[in-house]
Amino acid sequence: MTERHERHKYLLIDSRVLPDVFLKVVQAKEMLAKGKAKSATMAARACGISRSAFYKYKDNVEVFDLETRGSMVTLYFSLEDEPGVLSSVLGCIYDAGANIITINQNVPTDGVAPVTISIKLGTQTTLAQLQIALLGIPGVVRVKEI
(Lines give C-alpha, C1' and ligand atoms only; values in the text may rest on other atoms or scores of the structure.)
Protein backbone atom coordinates (compact mmCIF):
# COMPACT_ATOMS: atom_id res chain seq x y z
CA MET A 1 0.00 0.00 0.00
CA THR A 2 1.47 3.37 -0.94
CA GLU A 3 1.71 6.15 1.59
CA ARG A 4 -0.92 8.10 -0.33
CA HIS A 5 -3.50 5.32 0.14
CA GLU A 6 -2.52 4.32 3.65
CA ARG A 7 -5.31 4.81 6.17
CA HIS A 8 -4.68 6.71 9.37
CA LYS A 9 -4.45 4.52 12.43
CA TYR A 10 -5.38 5.96 15.80
CA LEU A 11 -4.14 4.59 19.09
CA LEU A 12 -5.46 5.30 22.55
CA ILE A 13 -2.39 5.45 24.79
CA ASP A 14 -2.08 6.27 28.48
CA SER A 15 -0.20 9.58 28.61
CA ARG A 16 2.04 8.30 31.42
CA VAL A 17 3.96 6.14 28.94
CA LEU A 18 4.46 8.86 26.32
CA PRO A 19 7.41 11.24 26.09
CA ASP A 20 6.69 14.57 27.84
CA VAL A 21 6.74 16.44 24.54
CA PHE A 22 3.23 15.24 23.68
CA LEU A 23 1.73 16.52 26.92
CA LYS A 24 3.57 19.79 26.49
CA VAL A 25 2.17 20.18 22.96
CA VAL A 26 -1.35 19.69 24.35
CA GLN A 27 -0.59 22.24 27.07
CA ALA A 28 0.70 24.74 24.49
CA LYS A 29 -2.38 24.26 22.29
CA GLU A 30 -4.59 24.94 25.29
CA MET A 31 -2.65 28.11 26.13
CA LEU A 32 -3.18 29.35 22.57
CA ALA A 33 -6.87 28.46 22.55
CA LYS A 34 -7.48 30.26 25.86
CA GLY A 35 -5.46 33.31 24.84
CA LYS A 36 -2.82 32.74 27.53
CA ALA A 37 -0.13 32.85 24.84
CA LYS A 38 -0.16 35.18 21.86
CA SER A 39 1.83 32.95 19.52
CA ALA A 40 2.93 29.37 19.06
CA THR A 41 6.47 30.44 19.86
CA MET A 42 5.40 31.92 23.20
CA ALA A 43 3.25 28.88 24.05
CA ALA A 44 6.02 26.44 23.17
CA ARG A 45 8.58 28.40 25.17
CA ALA A 46 6.23 28.57 28.20
CA CYS A 47 5.76 24.79 28.05
CA GLY A 48 9.44 24.03 27.67
CA ILE A 49 9.45 22.70 24.12
CA SER A 50 10.87 23.97 20.87
CA ARG A 51 8.69 25.69 18.33
CA SER A 52 9.56 23.00 15.79
CA ALA A 53 8.40 20.24 18.20
CA PHE A 54 5.13 22.10 18.67
CA TYR A 55 4.53 22.36 14.92
CA LYS A 56 5.64 18.78 14.32
CA TYR A 57 2.98 17.33 16.64
CA LYS A 58 0.23 19.97 17.03
CA ASP A 59 -2.10 18.54 14.38
CA ASN A 60 -1.69 14.96 15.58
CA VAL A 61 -2.11 15.17 19.36
CA GLU A 62 -5.51 15.54 21.01
CA VAL A 63 -6.80 14.93 24.52
CA PHE A 64 -9.28 12.11 25.08
CA ASP A 65 -10.96 12.44 28.46
CA LEU A 66 -12.20 9.08 29.74
CA GLU A 67 -14.35 10.76 32.39
CA THR A 68 -16.37 12.90 29.98
CA ARG A 69 -16.38 10.83 26.80
CA GLY A 70 -19.96 9.67 27.37
CA SER A 71 -21.29 12.94 28.72
CA MET A 72 -21.80 14.63 25.36
CA VAL A 73 -25.39 14.47 24.19
CA THR A 74 -27.55 16.15 21.55
CA LEU A 75 -31.15 16.88 22.41
CA TYR A 76 -33.91 17.55 19.91
CA PHE A 77 -36.70 19.87 21.07
CA SER A 78 -40.04 20.95 19.74
CA LEU A 79 -40.69 24.35 21.33
CA GLU A 80 -43.78 26.50 21.12
CA ASP A 81 -43.07 29.67 19.18
CA GLU A 82 -43.46 31.94 22.20
CA PRO A 83 -41.04 34.51 23.61
CA GLY A 84 -38.81 33.18 26.39
CA VAL A 85 -39.26 29.44 25.83
CA LEU A 86 -35.75 28.86 24.47
CA SER A 87 -34.33 31.14 27.16
CA SER A 88 -36.05 29.01 29.83
CA VAL A 89 -34.62 25.84 28.27
CA LEU A 90 -31.11 27.31 28.28
CA GLY A 91 -31.53 28.41 31.90
CA CYS A 92 -32.61 24.91 32.90
CA ILE A 93 -29.57 23.40 31.18
CA TYR A 94 -27.35 25.92 32.96
CA ASP A 95 -28.97 25.17 36.32
CA ALA A 96 -28.27 21.46 35.75
CA GLY A 97 -24.56 22.24 35.49
CA ALA A 98 -24.32 21.29 31.82
CA ASN A 99 -22.21 23.14 29.27
CA ILE A 100 -23.90 24.10 26.00
CA ILE A 101 -21.75 23.23 22.99
CA THR A 102 -24.05 24.09 20.04
CA ILE A 103 -27.55 25.43 19.47
CA ASN A 104 -29.48 25.21 16.22
CA GLN A 105 -32.98 26.66 15.99
CA ASN A 106 -34.94 26.38 12.77
CA VAL A 107 -37.79 28.54 11.52
CA PRO A 108 -41.03 27.72 13.34
CA THR A 109 -43.82 26.01 11.42
CA ASP A 110 -47.33 25.52 12.74
CA GLY A 111 -46.38 27.40 15.89
CA VAL A 112 -43.56 25.01 16.84
CA ALA A 113 -39.82 25.56 16.44
CA PRO A 114 -37.44 22.60 16.04
CA VAL A 115 -34.28 23.10 18.09
CA THR A 116 -31.21 20.93 18.62
CA ILE A 117 -28.84 21.58 21.49
CA SER A 118 -25.60 19.69 22.04
CA ILE A 119 -24.45 19.70 25.64
CA LYS A 120 -21.76 18.31 27.85
CA LEU A 121 -23.42 17.03 31.00
CA GLY A 122 -22.00 18.02 34.34
CA THR A 123 -21.87 15.90 37.45
CA GLN A 124 -24.84 17.58 39.14
CA THR A 125 -27.60 15.77 37.24
CA THR A 126 -28.28 12.81 34.98
CA LEU A 127 -29.66 13.02 31.47
CA ALA A 128 -32.97 11.53 32.65
CA GLN A 129 -33.28 14.15 35.41
CA LEU A 130 -32.50 16.92 32.94
CA GLN A 131 -35.08 15.67 30.45
CA ILE A 132 -37.76 15.59 33.16
CA ALA A 133 -36.90 19.14 34.19
CA LEU A 134 -36.95 20.32 30.57
CA LEU A 135 -40.36 18.75 29.93
CA GLY A 136 -41.70 20.70 32.90
CA ILE A 137 -40.96 24.04 31.21
CA PRO A 138 -44.05 25.74 29.75
CA GLY A 139 -43.74 25.76 25.97
CA VAL A 140 -41.58 22.64 25.71
CA VAL A 141 -43.61 20.22 23.58
CA ARG A 142 -41.03 17.48 23.18
CA VAL A 143 -37.48 16.54 24.22
CA LYS A 144 -35.66 13.61 22.62
CA GLU A 145 -32.07 12.45 22.72
CA ILE A 146 -30.56 11.99 19.27
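Student: Where is the place of Asp-110?

Tutor: Asp-110 is in the loop between β2 and β3. Strands here are DSSP runs of E, at least two residues, and helices are runs of H or I, at least four residues, both numbered from the N terminus. Before we go on: this is a predicted model, where local features need pLDDT of at least 70 and side-chain atom pairs count only at pLDDT 80 or more, while totals for chains, interfaces and linings use all residues. Residues are numbered from 1 along each chain as its sequence is written, and side-chain values use heavy atoms, with hydrogens and water left out.

Student: Noted. Is Asp-110 buried or exposed?

Tutor: Exposed, with a relative accessible area of 82%. The cut-offs are under 20% for buried and over 50% for exposed, with partly exposed in between (1.4 Å probe, protein chains only).

Student: And what is the phi of Asp-110?

Tutor: Positive, about 55 degrees, although Asp-110 is not a glycine. Most residues other than glycine have a negative phi.

Student: OK, helices. At what angle do α1 and α2 pack?

Tutor: About 135 degrees, with the axes 9 Å apart. Helix α1 is residues 20-33 and helix α2 is residues 40-47. The axes are lines fitted to C-alpha atoms, for helices over the stretch in contact, and angles run from 0 to 180 degrees between N-to-C directions.

Student: What does that make α1 relative to α2?

Tutor: Oblique. Under 35 degrees counts as roughly parallel, over 145 as roughly antiparallel, 65 to 115 as roughly perpendicular, and the rest as oblique.

Student: Which residues make the contact?

Tutor: From α1, Lys-24, Gln-27, Ala-28, Met-31 and Leu-32. From α2, Ala-40, Ala-43, Ala-44, Ala-46 and Cys-47. Contact means heavy atoms within 4.5 Å.

Student: How do those residues of α1 and α2 divide by class?

Tutor: 8 nonpolar, 1 polar and 1 charged. Nonpolar covers Ala, Val, Leu, Ile, Met, Phe, Trp, Tyr, Cys and Pro; charged is Asp, Glu, Lys and Arg; the others, Gly among them, are polar.

Student: Which residues of α2 are buried?

Tutor: Ala-40, Ala-43, Ala-44 and Cys-47. They cover an arc of only 95 degrees around the axis, so they sit on the same side of α2. The arc is that of the directions from the helix axis to the C-beta atoms. The face turned away from that buried side carries the exposed Arg-45 and Ala-46.

Student: What do the buried residues of α2 pack against?

Tutor: Helix α1, and α3 (51-57). Past the end of α2 comes Gly-48, with a positive phi near 80 degrees.

Student: Back to α1. What does Val-25 touch?

Tutor: Ile-49, Ala-53, Phe-54, Tyr-57 and Lys-58, leaving aside residues up to four places away in sequence. Val-25 lies in α1 and is buried, at 0% relative accessible area. Its C-alpha atom is 7.0 Å from that of Tyr-57, 32 residues apart along the chain.

Student: New topic. Which residues of α4 are buried?

Tutor: Val-85, Leu-86, Val-89, Cys-92 and Ile-93, in a helix of residues 85-95. Their arc around the axis is only 120 degrees, which puts them on the same side of α4. Ser-87, Tyr-94 and Asp-95 are exposed on the other side.

Student: What does the buried side of α4 pack against?

Tutor: The buried residues pack against β1 (72-80), β2 (99-105), β3 (112-120), α5 (127-135) and β4 (140-145).

Student: How is α4 placed against α5?

Tutor: The two pack at about 150 degrees, axes 10 Å apart. That makes α4 roughly antiparallel to α5. Val-89, Cys-92 and Ile-93 in α4 meet Leu-130, Ala-133 and Leu-134 in α5. By class, this contact has 6 nonpolar, no polar and no charged residues.

Student: Last one, the strands. Where is Ser-78 found?

Tutor: In strand β1. Ser-78 counts as buried, at 10% relative accessibility. Beyond four places in sequence, Ser-78 touches Val-112, Ala-113, Gly-139, Val-140, Val-141 and Arg-142.

Student: And Lys-120, how accessible is that?

Tutor: Partly exposed, at 30% relative accessibility. Lys-120 is in strand β3. The C-alpha atoms of Lys-120 and Asn-99 are separated by 5.1 Å, with the two 21 residues apart along the chain.
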